[in-house]
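Hi,

Here is the structure I promised to pass on. Have a look at it first, and then read on for what turned up.

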Amino acid sequence: MAGRRAGAGPGPGALLAPLALLTLRALGAAGHPQCLDFRPPFRPPQPLRFCSQYSAFGCCAPEQDAALAHRFGALAARVDAGLWAACAGYALDLLCQECSPYAAHLYDAEDPSTPLRTVPGLCEDYCLDMWQTCRGLFRHLSPDRELWALEGNRAKFCRYLSLDDTDYCFPHLLVNENLNSNLGRVVADAKGCLQLCLEEVANGLRNPVAMVHARDGTHRFFVAEQVGLVWAYLADRSRVDKPFLNLSRAVLTSPWEGDERGFLGLAFHPRFRHNGKLFVYYSAGVDFQEWIRISEFRVSEDDVNAVDHSSERIILEIEEPASNHNGGQLLFGDDGYLYIFTGDGGMAGDPFGKFGNAQNKSALLGKVLRIDVDRSERGPPYRIPPDNPFVGDPAARPEVYALGVRNMWRCSFDRGDPVSGAGRGRLFCGDVGQNKFEEVDLVERGRNYGWRAREGFECYDLKLCANASLDDVLPIFAYPHKLGKSVTGGYVYRGCEYPNLNGLYIFGDFMSGRLMSLRENRGTGQWRYNELCMGRGQTCEFPGLINNYHPHIISFAEDEAGELYFMSTGVPSATAAHGVIYKIIDPSRRAPPGKCQIQPAQVKVRSRLVHFVPKEKFIRRAESTPRPTARAPTKVPRRGRPTAPPPVPTPRPARPTPRPARPTPRQGGRRVGGRRRGRPGKEKPVPSNGAVRLVRPAGLSAGRGRVEVFAGGRWGTVCDDGWDFKAAAVVCRQLGFAHVVRATKRAEFGEGRSLPILLDDVRCAGDEGTLLECRHAGLGTHNCGHEEDAGVICSHDDPDLRRPYRENRGSPVRACGYYHRHTGARWQVTVYYPYREVVPGPSARRDVAAVILGRNPVSSVLGPDLKA
């Protein structure tokens, strides 16, 4: 193909006209647009004057375009006039490829660690044509002397400038329909699953249930753990070492997976910058009584990154008849009022009263509440907004804003379109279903959302569902339990960085690990569903991005700038430090550079800062990353799991029809400055220097064993001279455990006699990445034997939280019904974690604890007359 010469006809601009159409649709090929700054392309804020063919979509802002024009002018001044007359068009072509949306491919810059090409990769026919008359131009375009040396050999010269993957060479990529027809659009796979990527933001959290910002201009974010701790993070993602708030002694929860009680919600007052107020929602209890508590706190006068714990002012308490369906969301609306989202009280089927709590306007459970918390310092803890829908109704609580709620888990207000403001103030909620459907609702003043008459679109209580006075509102979307069993409500994206996502409601499911989305058709009011997948192939191959996440999606979040995040964990326990926060990234298109810059207000920090170190890794996969497989939580059911079968619902329509299949893209190579880049093989990878593993006798659980370290190309053991808790912490952290129980010595887990002793006299500070970074006698230098092999016992649970039960506080984590087989007497046995319990008779206390901890057979404790 001939190059575009000076004065020639239409060039690449005509070929790129379709790029102006940036919409959302399925992709027919595996394009990976990327700029030389290793980020996605963008639409320039104004047309480019020099590289005008990339005005619709590319990698140059007006400043880069002007710089290329200046280089073009400087080149014209250096090159012979006759040569320039024939070759100026080629020079323009080559210079402007820095603005191509595929610039990283053309210059072999996908990997920041590889050298950048000085000339874009050229297709062979184009290069051969250019060589005939313009090969002298390359001495002015490139400082590569190896290229200059090949100038006299056309075949070698063009082979040096070629790309292995001819789809991406210039100028063929300009007319490659598979690469250009969907450029700048969110990629969808063959099943219609939108492919996005993630960026790790925080890790090592214990069931992070909420992440909120204070709207104070600092761009801090505050992360609440279910156990009752709230951490402050600065805009650079460093964490303040001292907790912002610590309610772990007051919060009622347990380490059992799926326990729904705990610290559940956090909201900052809209005028927090001036009044320092924040509000929290948590579970509390004494003995058999449990309740939810809404309290007000104030930030410390001495430290803006710490709460004054003595300032707690209880706003509202609601008794909970069961330990599940606790609700937990707090939000401030644009009206300045506090919205509180409560569950229906628990158990299955809302069995409380004639129609259940959710349909009872005189009950605060199963509702959306709306209260005024301003001007309450000297009066009642809150006031009733005068426009609440049931003010004046003697049969209703005036706090009620909406009813018919089962257990809304995570709600959000829509910020509205950044330009038009459309959608602002809409209130979205995910409401967890019983045993058939999960739903997403748009909550409005005074409306009834149907529970327990209806679950999703189907009837649950047939008699109540047939009641003409119900007047319930159907959800905007519901999905069956084959897709997920516990919805986690999300947000409508209104951020600046990823324009394609604007207006997309993103939510997920705790049990299945699915990420999902809804987009409204403004004309019809209907909502279109798309699942969200992690990008396949090269889609997420950008520095710092990953394409996988932990399966239990606990919550979603929005930062002060409107960017979206979600929190998930691999072990859904309040004491397991496996929680990670992920930022949602659209790899197909970003905002122009400089448009989304923030200027965080300065924050005075009085505590030590813990700098963020990402741990999650990009996983190379050929196909779309499947949703993570979530293992079923044990011990306590997750919110919304049924304990009794409901009436059979009416049939539910099937999920949306998948999109047509797309062809499998061809895998192609690249060339780096004339050298082939290595490809990863399928052989087993060699461990990295400093890697560790635990070797344990058969029958022992994971997390304990003899420490073996990989160094110098071999595995070996570690002597216990100097071996202590800090050294064990380095090993446990490497293996993914958050806590150390014990550093073991004297070959407690056996001797590794078949291996060399690699480390001795190890002295660690505790924050090293590997044992090799600690002080030691030298690799292979030792004065010990294998009878001194060191080991560790690691844990996902914090051993400091395994404290004895305190009077008037406790966490009932397991309740069993017992009865006497002769008298028929019945009672409840509740075990308080870890060692206190209430049983029928004081003499049985120690034995029941032994049963729960697995030390004695049940029959030997209960005796012949007791039956579980």
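In what order do the eight strands of the open sheet run? Keep in mind that this is a predicted model. The order is 21-22-23-24-1-27-26-25, and the pairing is mixed. Strand 21 and strand 25 (552-558) form the edges, each pairing on one side only. From one strand to the next, the twist averages 35 degrees.

You can find the pairing on screen through Thr488, whose bridge partner in strand 22 is Gly508, and through Tyr491, which stands opposite Ile506 of strand 22.

Now to a pair of helices. The axes of helix 5 (residues 124-134) and helix 8 (residues 154-161) come within 10 Å and cross at roughly 130 degrees. Helix 5 and helix 8 are therefore oblique to each other, and their crossing is right-handed. Helix 5 contributes Cys127, Leu128, Trp131 and Gln132 to the contact, while helix 8 brings Arg154, Phe157, Cys158 and Leu161. Sorted by class, six of these residues are nonpolar, one is polar and one is charged.

Best wishes

Conventions:
Residues are numbered from 1 along each chain as its sequence is written. This is a predicted model: local features need pLDDT of at least 70, side-chain atom pairs count only at pLDDT 80 or more; totals for chains, interfaces and linings use all residues. Side-chain values use heavy atoms; hydrogens and water are left out. Axes are lines fitted to C-alpha atoms, for helices over the stretch in contact, and angles run from 0 to 180 degrees between N-to-C directions. Helices (H or I, at least four residues) and strands (E, at least two) are DSSP runs, numbered from the N terminus. Angles under 35 degrees count as roughly parallel, over 145 as roughly antiparallel, 65 to 115 as roughly perpendicular and the rest as oblique. A crossing is left-handed if the near helix is turned anticlockwise from the far one by less than a right angle, and right-handed if clockwise. Contact means heavy atoms within 4.5 Å. Ala, Val, Leu, Ile, Met, Phe, Trp, Tyr, Cys and Pro count as nonpolar, Asp, Glu, Lys and Arg as charged, and the others, Gly among them, as polar. Two strands pair if DSSP finds at least two bridges between them.
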